[in-house]
Amino acid sequence: MNTIYGILGTILPLEAYQYSFMKNAFLAILLLTPLLALLGTMAVNHQMAFFSDALGHSALTGIGLGIILGLRNDLVAMLVFGVIWAILICVIKQSGSASTDTVISVFSSTSVAAGLLILARGGKFAKYSSLLIGDILAVTPGDLLWLLIALAVTLVLWALMYNKLLLTSVDSFLARSRGIRTRLVECVFVVMVAVAVMLSIRWVGVMLINALLILPAAAGRNLARSARQHAAWSVVIALMCGLVGLTLSYYLDTSAGASIVLVSALCYAVSLAVRAVRK
Amino acid sequence: MPLHHCELCHIDLDRITVRRGGQVLLQDVSMHIHCGQLTVLIGQNGAGKTTLIKALLGQIPHSGLIRHVDGRGLDIPHLRTGYVPQVLQFDREMPMTVRDFMAAALSRRPVWTGVGKKTRARVDEALAAVNASGLAGQPLGRCSGGELQRVLLALAMNPAPDLLVLDEPVSGIDRNGLKMFLDTLLNLKESHHMAILLVSHDLRFVREYADHVILLDKSVLAQGSAHEVFSSPEFSAVFGFSGEEDAE
């Protein structure tokens, strides 16, 4: 870890990065933002922005249930609940019993309500309010290791699934006619998003997690013509906004998560303008 | 690349029945779809044409048998199908070129990492076969209706199918696009020894191009040459006019 800190200290000769909590945050962003941005490209193509928002909200219920069941580890509770929630939404969506955004809305509000009900018992919600906005400066080297593993696993799964997902998002019947098990593919993707969201929520917060998933991919989409360009732009934008936002937040003494999201929103606005000019 | 050289090999549908929720969508549908022939399925909306296609592609449960048979009546173990959907309903702003789309279906390498040389060549070849060479680098969402159908046809032809199924591929294409698409299809029919099953509402087209016509309404009402089917009493009963009068 000290070697990595040493390298960071050399390449980032800013006052902000003298502190190890800033170095940890920097590394977390280096791992987190590309992970979310890559998944985001497909979430945007699949028109699932609203869905990932609902997933973020389910973290509240996850933690609440964890407390009721007496689980020590918040992360495990969130992960388990997030994955179950994701699969449930996926199955109900695929059964086609109601329109997708209605289903998601029902799930989203239910999980927020259930989470609040449990967490706010006896007026103790303040203890959990950090969940809403997250705290990227609280990242520890141990967390970084988990993130690195998550990034590696996601990349492998992503490589295996991407083509199938792409075809499914164009036309699921066509995809099925070519032997793709579209329902399975969609569910695996949704679970991947759930895991990525739950892993990052402590640092980014329920309110902002969706922005990290959707904004870079949405901006990248405005600039790209091909799938490769989409992935590349999204990752570059996510990294850039993450690091610029983090650095700015130090000097302006603002919330890191909020700063990152606002810089991303600015990038999105620029991408819209670029697209308008190109047309 | 002919797969099975025989004049008489065919796909044999034997009493295909599809039920859903207590409703009978198809009842005892039997037919032969011959290699080297363009078989056209006609019928009113709700006659079960798309249901039959789904059953053929193995997408919905059905009773009855689908066999792939050679000239001597022996089973050919595998039936490879290619499918061209009706109109592709997709997000046209999706950043994806025609090459990305084809490569996603033809190769394992995830297309966000780029498209390899071999796959590139394969895509180019497939597009050239349907007169769509210039389209590879174009975003899929910018293709016209006719261009999109040719891309889908190129995809359905790879790997080469024994049975090519097209679900109203000619709706929503302008006249020029339509002619180009049909010429391409007929060329493929000549050069590949495959069976083609096409759903169409365009009776003028059916008369001109079909080798064999099947009139469907839950079950097969009439089949034969376009002339035979169009002049049948069943045709008049379904469409409310005789197909032969319409020709004049």
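In the predicted model, helix 3 (residues 49-68) of chain A and helix 5 (residues 100-119) of chain A cross at roughly 30°, and their axes come within 8 Å. The two helices, helix 3 of chain A and helix 5 of chain A, are therefore roughly parallel to each other, since angles under 35 degrees count as roughly parallel. The crossing of helix 3 of chain A with helix 5 of chain A is left-handed. On the side of helix 3 of chain A, the contact includes Phe50(A), Phe51(A), Ala54(A), His57(A), Leu60(A), Thr61(A), Gly64(A) and Ile68(A), while the residues of helix 5 of chain A that they meet include Asp101(A), Ile104(A), Phe107(A), Ser111(A), Gly115(A), Ile118(A) and Leu119(A). When the residues of this contact between helix 3 of chain A and helix 5 of chain A are sorted by class, 14 are nonpolar, seven are polar and two are charged.

Leu65(A) also belongs to helix 3 of chain A. Because Leu65(A) has 18 C-beta neighbours inside 10 Å, it counts as partly exposed. Leu65(A) and Ile118(A) are separated by 53 residues in sequence, whereas their C-alpha atoms are 7.7 Å apart in space. When residues up to four places away in sequence are not counted, Leu65(A) touches Ala77(A) and Phe81(A).

A further helix pair in chain A is formed by helix 2 and helix 9 (residues 182-204), whose axes come within 11 Å and cross at roughly 145°. This crossing of helix 2 of chain A and helix 9 of chain A is left-handed. Helix 2 of chain A contributes Ala28(A), Leu32(A), Leu35(A), Leu36(A), Leu39(A), Met42(A) and Ala43(A) to the contact, and helix 9 of chain A contributes Phe189(A), Met192(A), Val193(A), Ala196(A), Ser200(A) and Trp203(A). By class, the contact of helix 2 of chain A with helix 9 of chain A consists of 12 nonpolar residues, one polar residue and no charged residues.

With residues up to four places away in sequence left out, Leu39(A) touches Met192(A), Val193(A), Ala196(A) and Leu213(A).

In chain B, helix 4 (residues 145-156) and helix 5 (residues 175-191) pack with their axes 9 Å apart and at an angle of about 15°, and helix 4 of chain B is therefore roughly parallel to helix 5 of chain B. Their crossing, that of helix 4 of chain B and helix 5 of chain B, is right-handed. The contact involves Gly145(B), Gly146(B), Gln149(B), Arg150(B) and Leu153(B) from helix 4 of chain B, together with Gly177(B), Leu178(B), Met180(B), Phe181(B) and Thr184(B) from helix 5 of chain B. Four nonpolar, five polar and one charged residues make up the contact of helix 4 of chain B with helix 5 of chain B.

Between the chains, 23 residues of chain A are in contact with 22 residues of chain B. On the side of chain A that touches chain B, two or more residues each are given by helix 7 (141-170), helix 8 (172-177) and helix 11 (227-252) of chain A, and the largest share, six residues, comes from helix 7 of chain A. By class, this side of chain A has 10 nonpolar, seven polar and six charged residues.

Terms used: Residues numbered from 1 in each chain as written. Chains lettered and ligands numbered in written order. Predicted model: local features only at pLDDT ≥ 70, side-chain atom pairs only at ≥ 80, totals over all residues. Axes fitted to C-alpha atoms, helices over the stretch in contact; angles between N-to-C directions. Helix = DSSP H or I, 4+ residues; strand = E, 2+ residues; numbered from the N terminus. Parallel < 35°, antiparallel > 145°, perpendicular 65-115°, else oblique. Left-handed = near helix turned anticlockwise from the far one by under 90°. Contact = placed C-beta atoms within 7 Å. Nonpolar A, V, L, I, M, F, W, Y, C, P; charged D, E, K, R; others polar. Buried ≥ 20, exposed ≤ 12 C-beta atoms within 10 Å, placed from the backbone.
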